[in-house]
Every structure is written in structure tokens, then in C-alpha cells.
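Please look over the sequence and the model displayed here before reading further. The explanation moves from the whole chain to individual residues.

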Amino acid sequence: MAVNALAIPEIGPLVSDGLSRSPRSLPPKLFYDAAGSALFDRITELPEYYLTRTERAILQSHAPEMIATAGKALEVVELGAGSASKTDILLDAVLRRQLRCRYCPIDVSPEALALAEKRLRAALPALRVRPVVADYTNGLVLPSRNGHRRLALYLGSSIGNFDPADAIAVLRKLRRHMRSGDALLLGTDLAKSKSVLLPAYDDAQGVTAAFNKNMLVRLNRELGANFDLDRFRHVAVWNARESRIEMHLESTARRTVTIPAIGLTVEFERGERIHTENSYKYTAAAVDAMLGESGFRRERTWSDERGWFAVHLARA
Ligand code: AVI
């Protein structure tokens with residue numbers, strides 16, 4: 001596998017910084033070790049987690065139109081590709097319009113990229129897969145352009161895991177690797193009733209709870225911490241003012257946790273929370289503002305019948 005690796009930062013400083021703050025927090029990028037990525041894949045199959053299947057259905061219904069709108073002679077890059085399970089639909093539509101296509105999936109997980117590469121090479125032999133193991137939030141490394149128009153994919157509402165200012169910073173970094181006329185397909189979850197949103201982030205089988213607690217499993221294993229997993233509970237809340245779902249880990253008792261690898265001791269009060277993730281839910285106006293501030297203009301939007309999820313084509 002030809003992987004162009006960019007150093008993935010050590011987790012120690014991130015953990016030390018987040019747990020020393022008030023309120024305490026841990027960055028969502030810590031979710032995605034091999035176990036966390038596998039749990040996330042399970043989340044995407046849950047009955048309550050409508051995001052993945054709704055976005056997939058939108059892509060299945062409109063991929064040829066999306067690709068035709070993006071333009072001719074495309075090369076494709078994908079931020080946070082993961083296992084790229086929905087990308088085939090778009091790549092297949094590209095390869096119906098051109099003989100070959102270079103596809104550059106970028107992700108922090110080498111395991112997920114290796115799986116994606118193997119599957120895509122078998123399914124779409126005309127595709128030139130060039131995976132990049134990188135944390136695209138720390139700077140984007142891409143192979144130089146091959147003369148084609150660039151189509152960037154940023155699917156799954158992953159943009160929603162960034163606060164508004166950070167989301168704009170990520171999109172601006174991407175914009176620097178694009179020329180005027182290049183296209184971005186951006187998937188965003190949309191604001192809706194909390195009776196739909198909350199179960200999507202607190203499912204009956206407890207997979208999302210395990211995904212959230214996997215952060216603590218990681219700190220125990222990688223940093224020698226002594227978090228007692230039975231004494232932290234998964235909490236999902238809808239913050240209407242910020243239009244976001246928040247995930248937290250709440251200590252059910254007063255306790256002291258030590259993290260030897262970073263020389264940190266943390267005293268938790270009963271009920272004290274570690275904020276682990278935000279997942280923003282957008283309106284059309286919020287998407288326009290975010291894209292506009294990042295150097296893109298929204299050209300078209302495709303959505304599902306219920307208006308739960310949207311895929312936007314934006315022009316650089
Ligand atoms: C990856 N990201 C878009 C997911 C989301 O819905 O915000 C992560 C996730 N967190 C809990 N469930 C899924």
C-alpha cells in the first residue's frame with residue numbers, strides 16, 4: 001500500500017490539556033483508534049443512527065447529477081474517508097464519465113484506509129487509489145494535482161464535529177488546495193426534533209455509549225490511567241441554543257484518577273462531566289455562512305424527503 005504518512009500527534013498533550021480545563025474535555029479525534037473506528041462502523045448500522053443511511057440514499061439517488069454538476073475530468077480527494085463505504089457510489093459515477101480517476105482518501109486510521117483501498121481496487125479497477133494517513137486538521141498533505149479538476153468529498157457530517165470557527169478553518173485549509181472552479185461535496189446533518197436526534201446519539205443497544213467510553217479505555221491502555229469504566233456513564237444532550245448534540249462522560253461518584261504517563265491526577269466530583277464531542281446540526285443559512293467564510297459558494301443541495309440530511313455541491 002503506497003501510504004504517504006504525516007505524523008499523527010501523540011495523545012498525551014491533548015489529554016493533559018483537556019482534562020486540566022474547566023469544564024473538562026477530551027477531543028473527539030481520540031475516538032478513532034482501531035476499536036473506536038470499529039464501534040463507529042457499528043453505529044452507522046444502528047436503527048436510530050439515520051445519518052449514514054440517509055446520506056447513502058441521497059448519493060444513490062443523485063450521484064450522476066452530482067458528478068455532472070462537479071464537472072469533467074475529475075480527480076477525487078476525500079477528507080476523513082474512513083472505510084469509504086459510501087464513496088463507491090460517487091466514484092462509480094465518475095468512472096462512467098471518464099476512463100480513469102485518481103482517488104486520494106485521507107484518514108487518521110491506516111487500518112480503515114487499507115480496507116478501503118483493497119475493496120475499491122477490486123470493485124473499481126480503473127481507479128488509482130493513493131491513500132494518505134494524516135490528521136487533516138493539522139495541515140493537509142495532498143499529492144500534486146494531475147491537471148484534472150479537483151472534487152473534494154467531505155461526507156457524513158464530519159464537519160459537524162468542529163465548532164463553527166474550527167469548521168471554517170478546516171474548510172479554508174482545504175480551499176488552499178483547490179483552484180477556482182474546483183468542487184466540494186459536503187454532507188451535513190440538519191437541525192430537527194430532539195426526539196429523533198437524541199436516540200441517534202444514545203441508542204438502545206449501548207453502542208454509542210461504548211464508543212464514548214472507548215476514550216477512557218484508550219487512556220487506560222495507552223497512558224496507564226485508572227478510569228473505572230463502570231463509574232462513568234455516557235450522556236447525550238441536545239443544546240438547542242448552539243444547535244448541537246453534545247456527548248459527555250459523567251462520573252457517577254467522587255473519585256481520583258491518575259494518568260501516570262503524563263503525570264496527571266484528576267479529582268472528579270460526583271456528576272462531573274468530561275465533554276467529548278459536539279455534533280452540529282445545520283440550517284441552510286448556517287451552511288451558506290460557513291461555506292461563504294471559507295471561500296466556497298453553495299451551488300446545489302440534494303436532500304431526503306424528510307429533510308433530515310443534505311449533500312451540498314459548493315464551488316471554490
Ligand atoms: C463522525 N461524526 C459525524 C459522528 C456524528 O454523528 O457526529 C460521530 C458520532 N458520535 C456519536 N455517534 C456518531
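The structure is a predicted model. Its chain contains 9 helices and 14 strands. The radius of gyration is 20 Å, close to the 20 Å that the globule rule gives for 316 residues, so the chain is as compact as a globular protein of that length. Along the principal axes, the C-alpha atoms occupy a box of roughly 60 × 40 × 35 Å.

Next comes the division between interior and surface. Of the 316 residues, 51% count as buried. The chain exposes about 13,800 Å², and 51% of that area is supplied by carbon and sulfur atoms. As for charge, the chain carries 44 positive and 37 negative side chains, and the centres of these two sets lie 6 Å apart.

The contacts show how the chain is connected. Among those between residues at least 6 apart in sequence, 75% join residues at least 24 apart.

Consider Leu155, which is located in the loop between strand S6 (149-154) and helix H6 (164-176). Is Leu155 buried or exposed? Leu155 has a relative accessible area of 7%; because the cut-off for buried is under 20%, Leu155 counts as buried. Setting aside residues up to four places away in sequence, Leu155 touches Glu55, Leu59, Glu78, Lys86, Leu90, Leu185 and Gly187. Leu155 and His312 are 157 residues apart along the chain, and their C-alpha atoms are separated by 9.8 Å.

Thr137 also belongs to a loop, the one between strand S5 (132-133) and S6. With a relative accessibility of 18%, Thr137 counts as buried. Which residues does Thr137 touch, not counting those up to four places away in sequence? They are Lys29, Phe162, Val170 and Lys173.

Ala286, by contrast, is part of a helix, H9, which spans residues 284-293. Ala286 and Pro164 are 122 residues apart in sequence, while the distance from C-alpha to C-alpha is 9.5 Å.

Definitions and conventions
Residues numbered from 1 in each chain as written. Predicted model: local features only at pLDDT ≥ 70, side-chain atom pairs only at ≥ 80, totals over all residues. Heavy atoms only, no water. Helix = DSSP H or I, 4+ residues; strand = E, 2+ residues; numbered from the N terminus. Rg over C-alpha atoms; globule rule 2.2 N^0.38 Å. Buried < 20%, exposed > 50% of the residue type's maximum accessible area, 1.4 Å probe, protein only. Contact = heavy atoms within 4.5 Å. Areas by Shrake-Rupley, 256 points an atom, 1.4 Å probe, with all protein chains shown as cover. Lys, Arg positive; Asp, Glu negative; His and termini not counted. Charge placed at Lys NZ, Arg CZ, Asp CG, Glu CD.
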